[in-house]
Amino acid sequence: MAAVPVLALLLLLLAWGGPGAAGQKRKEMVLSEKVSQLMEWASKRSVIRMNGDKFRRLVKAPPRNYSVIVMFTALQPHRQCVVCKQADEEYQILANSWRYSSAFTNKIFFAMVDFDEGSDVFQMLNMNSAPTFINFPAKGKPKRGDTYELQVRGFAAEQLARWVADRTDVNIRVIRPPNYAGPLMLGLLLAVIGGLVYLRGSNLDFLYNKTGWALAALCFVLAMTSGQMWNHIRGPPYAHKNPHTGQVNYIHGSSQAQFVAETHIVLLFNGGVTLGMVLLHEAATSDMDVGKRKIMCIAGIGLVVLFFSWLLSVFRSKYHGYPYRYVCS
């Protein structure tokens with residue numbers, strides 16, 4: 001008679017497919033609940049905000065058949081993280097481009113953990129800087145390449161999209177909101193030119209003014225040599241603030257990257273050297289009295305020496321081991 005309950009239990013296990021099948025079904029149910037929850041949140045907001053509990057349950061804990069791109073940031077005003085706000089704008093553009101594209105699936109999700117909402121996550125990951133982008137793949141733990149090299153690539157949405165495609169095989173076509181600043185500036189420029197032509201009538205001698213064209217060309221050259229095109233393409237942060245010491249760095253320590261502030265500094269130094277050379281030329285060729293020409297000569301030499309020395313100092317700070325310096329170290 002004792003064999004009857006055992007036989008009934010065996011029949012019941014066979015009906016359910018055994019212990020392994022039951023565990024598999026439970027995993028599938030948990031995974032389905034996770035994906036449904038993430039899809040519901042993603043339908044309301046492209047970037048899902050997470051605290052410690054949500055991060056551990058939906059990103060860290062298995063099962064998971066989806067990748068999650070997480071931005072670790074500090075957006076609260078009292079944190080004074082200007083770079084975080086700039087990076088967040090680009091991150092939102094990337095997430096929106098994916099959310100509203102025809103290729104949108106549940107293969108990848110975009111999330112955010114703010115320090116003030118999930119400081120325990122920062123401690124768990126031994127993270128001490130923000131913003132930081134990490135890809136948590138569908139299988140396994142994040143590898144070295146799953147951490148985005150922000151200081152090298154910058155945080156432009158297009159650069160983030162290339163990194164996402166490399167780590168997840170999901171190609172995102174970045175669609176930026178309409179920017180009317182360019183057409184407005186072009187229209188303003190045309191209006192100014194049209195106004196000048198109208199006011200001057202048939203007298204268009206100002207178009208042949210060599211000094212005006214020289215100044216325009218000089219401004220363009222200074223902007224390009226200082227790295228404005230790099231800023232436009234890479235979208236680097238304005239500066240970097242050390243989260244431990246609070247020190248703000250305006251010069252990037254690597255020769256492979258630069259900050260926006262560094263561009264402005266180099267532009268200023270190049271402008272100073274140029275002004276010094278102009279003064280030296282005027283001192284040698286002008287018809288002024290000797291005393292004024294001497295003053296211009298001394299001022300020109302001083303500007304060239306001082307600003308070139310500072311420019312060389314910036315170069316030495318980026319190319320470590322460069323042996324030469326000039327006046328200032």
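Close-up 1. D146 is buried, with a relative accessible area of 2%; here buried means under 20% relative accessible area, exposed over 50%, and partly exposed in between (1.4 Å probe, protein chains only). The structure you are looking at is a predicted model, in which local features need pLDDT of at least 70 and side-chain atom pairs count only at pLDDT 80 or more, while totals for chains, interfaces and linings use all residues. Residues are numbered from 1 along each chain as its sequence is written, and side-chain values use heavy atoms, with hydrogens and water left out. D146 sits in the loop between β4 and α6 (150-153); helices (H or I, at least four residues) and strands (E, at least two) are DSSP runs, numbered from the N terminus. Setting aside neighbours within four places in sequence, D146 is in contact (heavy atoms within 4.5 Å) with F133, I134, N135, P137, K141, W163 and R167.

**Close-up 2. Strand β4, covered on both faces.** All 5 of the 5 residues of β4 (residues 132-136) are buried, so the strand is largely enclosed by the rest of the structure. In a regular strand the side chains alternate between the two faces of the sheet. On one side of β4 lie T132, I134 and F136, on the other F133 and N135, and all are buried. β4 pairs with strand β2 (residues 67-73) in the antiparallel sense over 5 bridges, where pairing requires that DSSP finds at least two bridges between the strands. Look for I69, whose bridge partner in β4 is N135.

**Close-up 3. The disulfide of C81 and C84, and two other cysteines.** C81 and C84 form a disulfide with their sulfur atoms 2.1 Å apart, inside the cut-off of a pair of cysteine sulfur atoms within 2.5 Å. By this rule the count comes to 1 disulfide. The link of C81 and C84 is right-handed, with 70 degrees about the S-S bond, and both cysteines are buried. Elsewhere, C219 is exposed at a relative accessible area of 53%, whereas C297 counts as partly exposed at 30%.

**Close-up 4. A nonpolar patch on the surface.** F220, V221, M224, M229 and I233 form this patch, with about 480 Å² of accessible area together. Helices α9 (210-226) and α10 (228-234) each give two or more residues to the patch, and the largest share, 3 residues, comes from α9. F220 belongs to α9 and is exposed, with a relative accessible area of 54%. Patch members have over 30% relative accessible area and no salt bridge; like charges are joined within 9 Å, and nonpolar side chains (Val, Leu, Ile, Met, Phe, Trp, Tyr) within 5 Å. A salt bridge is a side-chain nitrogen of Lys or Arg within 4 Å of a carboxyl oxygen of Asp or Glu. Areas come from the Shrake-Rupley method with a 1.4 Å probe, and for residues only the protein chains shown count as cover.
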